[in-house]
Amino acid sequence: MASFVYNLWKQKLADGTYRWNANSDGAGGTYEIALTEAVLTDPDPDTVTAALTGGNEYDGSYSRTAVASLSVVLDDTNNRAQLDAADTTVSSIGADGGGQKVEGVLLYVKPNGTSADSSYIPAAFFDLATAFYGNGSDVTFTWDSVGLITLT
């Protein structure tokens, strides 16, 4: 489950700007993940540029990856909704030239028609239980059994 959810995304989810499905903005937008070489702690940045400022994005070679099969699961017993997705594989994560590890995963909205981090909205950050070095292998992020984000 997310270490924290970004405030602007919470607002935009609540006001209907974004939704939790494969068409995140109603115009073909998507959810993607970026890898970080730092543990992010600030829930207030309004853009991916701001969230990753200071060299926080992992420097080793990799491609940001779309998150697929988004679903909402209603849990009446525990009075919550769980935002879930299929486990996500990032292919061929290369070594970082500075010897940095992958410390976390940034989930963000990529609105349709945008192509810059300054237009992407951070949604949630996941602090990895075990950081790892890239070595050219694929890594699959297995999301928590109660989903990526729980709304209570």
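In this report Lys and Arg count as positive and Asp and Glu as negative, while His and the chain ends are not counted. The place of a charge is taken as NZ of Lys, CZ of Arg, CG of Asp or CD of Glu. On that basis, the mean positions of the 7 positive and 19 negative charges of the protein chain lie 5 Å apart.

The model is predicted: local features need pLDDT of at least 70, side-chain atom pairs count only at pLDDT 80 or more, and totals for chains, interfaces and linings use all residues. Residues are numbered from 1 along each chain as its sequence is written, and side-chain values use heavy atoms, with hydrogens and water left out.

**The chain as a whole**

The protein chain has two helices and 10 strands. Helices (H or I, at least four residues) and strands (E, at least two) are DSSP runs, numbered from the N terminus. Their order along the sequence is β-α-β-α-β-β-β-β-β-β-β-β.

The radius of gyration of the protein chain is 15 Å, which agrees with the value near 15 Å for a compact globule of 152 residues. This radius is taken over C-alpha atoms, and the globule rule is 2.2 Å times the number of residues to the power 0.38. Along the principal axes, the C-alpha atoms fill a box of roughly 45 × 35 × 25 Å.

The accessible surface of the protein chain is about 7,200 Å², and 45% of it belongs to carbon and sulfur atoms. Such areas come from the Shrake-Rupley method with a 1.4 Å probe; for residues, only the protein chains shown count as cover. Of the 152 residues, 43% count as buried. Buried means under 20% relative accessible area, exposed over 50%, and partly exposed in between (1.4 Å probe, protein chains only).

A contact means heavy atoms within 4.5 Å. Among contacts in the protein chain with a separation of 6 or more, 72% are between residues 24 or more positions apart.

**T36 and E57**

T36 belongs to strand β2 (residues 30-36). T36 counts as buried because its relative accessible area is 0%. Leaving aside neighbours within four places in sequence, the residues in contact with T36 include L52, E57, V102 and F125.

E57, one of the contacts of T36, is found in the loop between α2 (48-51) and β3 (65-66). Not counting residues up to four places away in sequence, E57 also touches A34, L35 and R64, among others.

**Polar contacts**

A polar contact is a pair of N or O atoms within 3.5 Å; within protein, one must be able to donate a hydrogen and the other to accept it, and residues adjacent in sequence count only if both atoms are side-chain atoms.

| Side chain | Partner | Distance |
|---|---|---|
| E57 | side chain of Y62 | 2.5 Å |
| E57 | side chain of R64 | 2.7 Å |
| S137 | side chain of N135 | 2.8 Å |

S137 lies in strand β9 (residues 137-141). With a relative accessible area of 35%, S137 is partly exposed. Beyond its neighbours within four places in sequence, S137 is in contact with V90, S91, S92 and I93.

S69 sits in the loop between β3 and β4 (71-75), and N79 in the loop between β4 and β5 (80-84). Phi of S69 is near 55 degrees, a positive value in a residue other than glycine. N79 likewise has a positive phi near 55 degrees and is not glycine. S69 is exposed, at 55% relative accessible area, and N79 is exposed, at 61%.
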